[in-house]
Amino acid sequence: MADKKSIEELIKLISSGRIGELNEEQKKQMEDHKFWKTQPVTKYDEKIIQEGPIENKTVDDIPNDPLPLIDGFEWCEVDLDDEEQLEELYQLLYENYVEDQSASLRFKYSHEFFKWALKPPGYRKDWHLGVRVKGGKLVAFIAGTPCDLKLTKTGKTLKSVEINFLNIHKKLRSKRLAPVLIKEITRRVNKQDIWQALYTGGQVLPSPISTCRYTHRPINWLKLLETGFSHLPPGKTKSEMVATYTLPKEPLLGLRPMEDKDFDEVFDLFTSFQEKYEIIQIFTKEELKHWLNTKSNVIKPYVIEKDGKITDFVSYYLLPFTVLDNDQHNELGVAYLYYYATNAEENYEQRLKSLIKDTLITSKEFGVDVFNCLTSQDNPLFIEECKFGDGDGFLNYYLFNYKTFPIHGGINAKTREVENKDGGIGTVLL
């Protein structure tokens with residue numbers, strides 16, 4: 001059996017780290033960070049006077065040739081349409097990406113997940129960047145996907161990329177490949193006249209524009225206990241805990257799977273709804289249709305229709321974990337809240353709570369054992385009533401080559417506790 005640990009610790013692992021108020025030693029480490037000191041990012045504790053780019057360059061300023069690699073390694077592009085290369089990427093992340101300290105839990109990415117996450121409209125193969133042992137094994141990877149961001153307070157739009165899936169083989173992490181990967185993906189993006197990037201991480205780097213907290217909602221509490229990722233609280237029985245998290249059998253508001261015919265209405269509803277947040281991604285119809293693929297096994301979009309009109313929309317994606325060395329279970333079903341929207345104006349908070357409760361009910365159909373969400377969007381409004389528990393994991397949001405005023409992440413800046421009010425982060429990264 002895996003060592004027992006709370007669900008909070010599980011979510012901490014997912015977010016790759018724990019942060020709190022930085023002490024003086026941590027601040028010094030931040031200031032001394034050799035790589036990030038050379039990059040166009042906001043310095044830690046820098047007072048933002050004016051928003052805007054940190055440096056301005058042109059495509060002609062950017063070298064045409066890739067950065068040199070250490071002897072014995074070579075750059076490659078990972079072709080996601082090639083099943084062998086897709087399997088290589090799967091194995092690299094499965095064996096070397098986030099896992100728990102006892103190596104009993106691993107992300108179980110599917111081939112379909114990679115294609116959904118890394119092949120949106122406008123994607124570029126040369127942004128699926130890998131490093132190989134010369135002529136051999138894939139040992140490192142980083143990806144960029146195109147996105148247009150909007151800072152709604154100023155109305156500023158940024159042609160950007162989202163950077164994700166930075167991963168290096170465990171045996172090569174002393175080779176300082178990460179800075180080279182970041183510099184090379186930056187070079188490739190810059191050659192397309194794109195100068196900003198959005199990225200996230202559990203680690204504190206210079207310098208977050210916002211920090212959100214992970215929260216989790218047990219769906220199958222007994223299985224979480226049996227896999228060692230939950231515990232029985234003092235004074236409680238198993239049956240009491242199961243009863244606490246039991247959900248109705250059917251959605252109460254009439255939530256149904258989204259169909260292709262719903263898309264135009266969903267697009268209009270979602271686009272209007274998103275304007276309430278401080279940083280959002282601007283989607284074209286083609287892009288949103290990709291991210292809300294109604295035939296996908298990864299993303300699950302739902303709608304509520306009343307009198308022939310779509311009034312609500314919600315979605316989540318599935319990313320299970322493999323559970324190792326457990327006699328009873330080999331997989332943990334995990335769902336992550338994605339985007340949602342509603343046209344409710346009166347009693348908005350209650351409507352949102354009811355919408356999420358229905359969403360939790362639908363997740364049981366896909367074997368979900370724990371349902372996760374961040375304190376982004378308006379999530380803090382429903383977290384307590386829908387029985388999401390505060391996690392120990394935090395996710396920092398960063399903008400590369402752009403200064404912006406801090407954005408509320410749904411938590412108190414000092415205590416890191418969830419605040420029962422809406423957040424300013426309206427974009428969801430995978």
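Before anything else, one definition: when I say contact today, I mean heavy atoms within 4.5 Å. With that in hand, hello everyone, and please keep in mind that what we are looking at is a predicted model.

Take the contacts in the protein chain with a separation of 6 or more: 76% of them are between residues 24 or more positions apart. We'll meet some examples of such pairings in a few minutes.

Now the overall picture. The protein chain contains 11 helices and 16 strands. Its radius of gyration is 22 Å, close to the 22 Å that the globule rule gives for 430 residues, so the chain is as compact as a globular protein of that length. If you draw a box around the C-alpha atoms along the principal axes, the box is roughly 60 × 50 × 50 Å.

The accessible surface of the chain comes to about 19,700 Å², and carbon and sulfur atoms hold 47% of that. For those of you who think in charges, there are 57 positive and 67 negative side chains, and the centres of these two sets lie 3 Å apart.

Let's zoom in, starting with rings. The structure holds 30 aromatic pairs. One of them is Tyr302 with Tyr316. How are these two rings arranged? Their centres are 6.0 Å apart and their planes meet at 10°; planes under 30 degrees apart count as stacked, so this pair is stacked. Tyr302 belongs to strand β10, residues 299–306, while Tyr316 belongs to strand β11, residues 309–318, and the two tyrosines are 14 residues apart. Are they buried or exposed? The cut-off for buried is under 20% relative accessible area. Tyr302, at 5%, is buried, and Tyr316, at 0%, is buried as well.

Next, a few spots where the backbone deserves a look. As a reminder, most residues other than glycine have a negative phi, and most peptide bonds are trans. Here is a cis one: the peptide bond joining Pro206 and Ser207, with omega about -20°. If you want to find it on the screen, Ser207 sits in the loop between β6 (196–201) and β7 (210–218).

Then we have two positive phi values. Phe165 is not a glycine, yet its phi is near 60°. Phe165 is part of strand β5, residues 156–168, and is buried at 3% relative accessibility. Arg416, also not a glycine, has a positive phi of about 65°. You will find Arg416 in the segment after β16 (389–400). With a relative accessible area of 16%, Arg416 still counts as buried, because the cut-off is under 20%.

Now for those pairings across the sequence that I promised. Which residues does Arg187 touch, not counting residues up to four places away in sequence? The list runs Ile62, Pro63, Asn64, Asp65, Pro66 and Leu67. Arg187 itself is in helix α6, residues 177–190, and is buried at 10% relative accessibility. To give you a sense of the jump, Arg187 and Asn64 are 123 residues apart in sequence, but their C-alpha atoms are 8.4 Å apart.

Cys212 is our next stop, in strand β7. Its relative accessible area is 0%, so Cys212 is buried. Leaving aside neighbours within four places in sequence, its contacts include Leu374, Thr375, Ser376, Phe394, Tyr397 and Ile425.

Last one: Ile279, in strand β9, residues 279–282. Ile279 is buried, with a relative accessible area of 1%. Among the residues it touches, beyond four places away in sequence, are Lys150, Leu151, Ile209, Leu399, Ile407 and Gly424. Ile425 is in contact with Ile279, and Ile425 is also in contact with Cys212. As for Tyr339, that residue is 60 positions from Ile279 in sequence and 14 Å away in space, C-alpha to C-alpha.

Conventions:
Residues are numbered from 1 along each chain as its sequence is written. This is a predicted model: local features need pLDDT of at least 70, side-chain atom pairs count only at pLDDT 80 or more; totals for chains, interfaces and linings use all residues. Side-chain values use heavy atoms; hydrogens and water are left out. Helices (H or I, at least four residues) and strands (E, at least two) are DSSP runs, numbered from the N terminus. The radius of gyration is taken over C-alpha atoms; the globule rule is 2.2 Å times the number of residues to the power 0.38. Accessible areas come from the Shrake-Rupley method with a 1.4 Å probe; for residues, only the protein chains shown count as cover. Lys and Arg count as positive and Asp and Glu as negative; His and the chain ends are not counted. The place of a charge is taken as NZ of Lys, CZ of Arg, CG of Asp or CD of Glu. Rings of Phe, Tyr and Trp (its six-membered ring) pair if their centres lie within 6.5 Å; planes under 30 degrees apart count as stacked, over 60 as edge-to-face and the rest as tilted. Buried means under 20% relative accessible area, exposed over 50%, partly exposed in between (1.4 Å probe, protein chains only).
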